[in-house]
Amino acid sequence: MNDLQLLGPRAYGAALGTAVLKACAEDFQVDEVLDIPLSGDGEHLWLWVEKRGLNTEEAARRLARAAGVPLRTISYAGLKDRQALTRQWFSIQLPGKADPDLSAAEDATLKILSCGRHRRKLQRGAHAANGFTLRLTGLKADTQALERRLEAIAAQGVPNYFGAQRFGHDGGNLAQARDYAGRQALPEQRAVRSRLLSTARSYLFNQVLAARVADGTWNTAQVGDLLAFTDSRSFFSAGPEECSDPRLAILDLHPTGPQWGSGASPATGVTGELEDRLAASEAALCDWLVRAGMAHERRILRLPIGRLAWHYPEPDILQLEFVLPPGCFATVLVRELVDLVPVGLTDSPCVF
């Protein structure tokens with residue numbers, strides 16, 4: 001499946017050119033933002049880890065082997081890209097044990113930058129945000145047009161699509177989810193089950209968002225919408241008064257779309273009608289999610305790009321710096337700017 005089928009239309013028009021992303025790990029840097037002061041004591045050892053070309057699960061396995069503990073005692077706040085330079089937190093539960101020698105876990109792809117004790121383990125989703133530094137190399141685009149679009153994005157945000165990587169190579173995860181949904185069965189392996197359920201919910205959300213991008217309502221509130229703040233999972237219904245809330249204009253409050261689960265969509269009006277039509281057209285996927293015990297949740301349709309800044313280290317390199325809430329995809333910002341060329345199809349070198 002192509003990008004348009006898995007996500008939806010761009011909000012700002014056609015791509016302004018082409019570029020390469022991730023010609024090397026340093027071109028895609030992610031720093032986890034965690035606003036939790038460590039207590040300095042307790043049975044949990046927290047680690048600030050730098051990874052290069054290594055996914056989060058493999059890093060956790062390495063730390064478990066080096067510490068001589070079961071993998072289940074390793075915790076992390078979120079998953080980070082393999083093809084990237086990332087810095088994130090892990091915790092290891094060590095009741096009654098001294099800090100282990102973790103040097104066996106370290107090499108050119110993993111480095112422990114700092115550590116400290118805390119009384120609680122690191123919970124999934126505990127990080128406040130992710131900071132990104134992206135370098136688009138081999139850039140072939142009108143820089144004046146890029147400037148105008150970046151200024152618009154800084155002021156208005158972008159559609160909060162789940163990125164194409166959520167769906168696997170050529171949408172393979174979605175094909176698997178549809179197969180299980182058609183049989184109303186669930187994978188036996190917990191990790192596979194979680195991945196495919198997440199894929200199905202992400203696809204349904206993207207379809208609702210795609211429809212609202214197409215009709216121009218993705219970044220405006222309409223009566224019957226369910227509204228949420230950027231950093232909150234709770235939501236409330238929008239009447240005429242809520243639709244003119246000034247916090248919508250400053251990208252603090254947003255319309256939401258469905259993370260499908262049990263019960264009908266609580267949205268009403270034209271929003272409820274849209275979501276009901278989607279549920280009817282994708283009945284097998286929706287029923288599968290309900291049978292799996294998923295609860296109906298909401299996700300903001302509009303993604304504010306925090307502290308967006310950019311410059312050109314070289315004429316053919318655009319460097320972007322910004323902050324996103326947890327669970328949001330940096331690639332949906334890049335998608336509003338350029339089409340990405342596979343690594344190797346450009347003569348632009350990787351400049352550090």
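Guide: Leaving aside neighbours within four places in sequence, His 118 is in contact with Ile 36, Pro 37, Leu 38, Ser 39, Asp 41, Gly 42, Glu 43, His 44 and Trp 46; contact here means heavy atoms within 4.5 Å. The model is a predicted one, in which local features need pLDDT of at least 70 and side-chain atom pairs count only at pLDDT 80 or more, whereas totals for chains, interfaces and linings use all residues. Residues are numbered from 1 along each chain as its sequence is written, and side-chain values use heavy atoms, with hydrogens and water left out.

His 118 belongs to strand S6, residues 110-118. Strands (E, at least two residues) and helices (H or I, at least four) are DSSP runs numbered from the N terminus. His 118 counts as buried because its relative accessibility is 12%, the limit for buried being under 20% of relative accessible area, with exposed over 50% and partly exposed in between (1.4 Å probe, protein chains only).

Helix H2 comprises twelve residues, 56-67, and spans 16 Å from first C-alpha to last, close to the 16 Å expected; the expected span is 1.5 Å times one less than the number of residues.

At its start, a side-chain oxygen of Asn 55 comes to within 3.3 Å of the backbone nitrogen of Glu 57. Just after the helix, Gly 68 adopts a positive phi of about 70°.

Finally, the nonpolar cores may be considered, each being a set of buried Ala, Val, Leu, Ile, Met, Phe, Trp, Tyr and Cys residues joined through side-chain atoms within 4.5 Å. The largest has 58 residues, of which Ile 305 and Phe 322 touch the most other members. Apart from it lies another core, of 19 residues, including Val 49, Tyr 76, Leu 94 and Leu 110.

Technical notes: Polar contact = N/O pair within 3.5 Å; in protein donor to acceptor, adjacent residues only side chain to side chain.
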